[in-house]
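User: I'm new to reading protein structures and would like a close look at a single part. Could you walk me through the salt bridges here and the residues that take part in them?

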Amino acid sequence: MVLFVVITTTSGATNKMSDNNQLKENKMETLELTQQWDKVFPQSDKVNHSKITFRNRYGITLAADMYVPKNASGKLPAIVVAGPFGAIKEQSSGLYAQVMAERGFLTIAFDPSYTGESGGQPRYVASPDINTEDFSAAVDFLTTLDNVDPEHIGIISICGWGGLAINAAAMDTRIKATVASTMYDMSRVNANGYFDSVDADERYTLRQQLNAQRTIDAKMTLTHWVAEYLTSCQRMPPGL
């Protein structure tokens with residue numbers, strides 16, 4: 001019995017497919033960025049402001065505001081700012097970033113994944129691992145700038161984002177200084193409640209409730225989501 005083996009090569013097609021996949025991977029999500037000043041604080045005349053985007057290693061494109069001291073020269077120390085939990089860069093993180101730029105730092109305040117002008121689906125959720133990566137992705141971006149000293153990069157995190165910043169700093173040796181401006185230990189509060197008021201049975205009940213909600217969410221269609229949203233809006237007090 002003679003066995004004939006036919007070997008065909010499609011290296012050209014394979015390489016082309018690989019190149020196309022690489023282009024797709026490298027292409028950042030297109031974000032709709034507001035270009036006019038839209039912060040809750042007044043714009044400083046001491047710094048230059050611009051919108052930037054960068055991508056984290058989960059493929060999510062992040063939106064940020066960059067503040068650079070006017071008339072600055074040479075390589076500047078840089079700071080990444082984020083938080084509080086659920087907030088956006090037009091609020092306190094942007095104010096922190098602008099004030100630090102007035103003091104000589106190049107700063108960026110970013111919207112975390114799934115939040116504000118940044119990408120990611122579903123919207124308005126938090127993920128400790130992805131949001132920790134957001135900080136390192138911001139550091140990645142800063143290291144590519146000619147006017148940043150890569151040996152002098154720090155991070156500032158506000159309120160609920162403090163733990164994520166500490167987590168990032170523990171893993172990313174490029175972060176040389178970290179400030180966590182937070183009023184409580186979020187991990188402890190989630191585990192034990194305020195003032196350690198929750199016991200093991202209550203924690204288990206809470207997990208049951210959260211898991212039951214996942215089952216409800218899995219069965220819901222877009223129509224149901226819209227109806228739920230409209231119903232929740234009707235429950236809101238006037239003026240909110």
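Analyst: Let's start with D196, which is partly exposed because its relative accessibility is 39%. In this predicted model, the side chain of D196 meets the side chain of R188 in a salt bridge, with 2.5 Å from N to O. R188 is partly exposed too, at 46% relative accessibility.

Next comes a set of linked charges. Salt bridges with shared partners join D38, K39, K51, D65, K89, E90, D111 and E117 into one network. Let's take some of its members one by one.

K89 sits in the loop that runs between β3 (76–82) and α2 (92–102). Is K89 buried or exposed? Its relative accessible area is 0%, so K89 is buried, the cut-off being under 20%. The side chains of K89 and D111 are joined by a polar contact of 2.5 Å. If you set aside the neighbours within four places in sequence, the residues in contact with K89 include K51, D65, D111 and E117, and A63, A64 and F110 are also among them.

Now for another pair in the network. E117 and K51 form a salt bridge through their side chains, at 3.0 Å from N to O. E117 lies in the loop between β4 (106–110) and α3, while K51 belongs to strand β1, so this pair ties together parts that are 66 residues apart in sequence. Both partners are buried: E117 has a relative accessible area of 14%, and K51 has a relative accessibility of 15%.

D38 is found in the loop between α1 (11–26) and β1 (47–55). With a relative accessible area of 27%, D38 is partly exposed. The side chain of D38 makes a polar contact of 3.1 Å with the side chain of K39. What separation do the C-alpha atoms of D38 and E90 have? They are 6.7 Å from each other, although these two residues are 52 residues apart along the chain.

One more pair deserves a look. R174 and D140 form a salt bridge in which the closest N and O atoms are 2.7 Å apart. This pair links distant parts of the chain, with R174 in the loop between α4 and β6 (175–181) and D140 in helix α3, 34 residues apart. R174 counts as partly exposed at 28% relative accessibility, and D140 is partly exposed as well, with a relative accessible area of 25%.

To put these pairs in context, the structure holds 11 salt bridges.

Notes:
Residues numbered from 1 in each chain as written. Predicted model: local features only at pLDDT ≥ 70, side-chain atom pairs only at ≥ 80, totals over all residues. Heavy atoms only, no water. Helix = DSSP H or I, 4+ residues; strand = E, 2+ residues; numbered from the N terminus. Buried < 20%, exposed > 50% of the residue type's maximum accessible area, 1.4 Å probe, protein only. Polar contact = N/O pair within 3.5 Å; in protein donor to acceptor, adjacent residues only side chain to side chain. Contact = heavy atoms within 4.5 Å. Salt bridge = Lys/Arg side-chain N within 4 Å of Asp/Glu carboxyl O.
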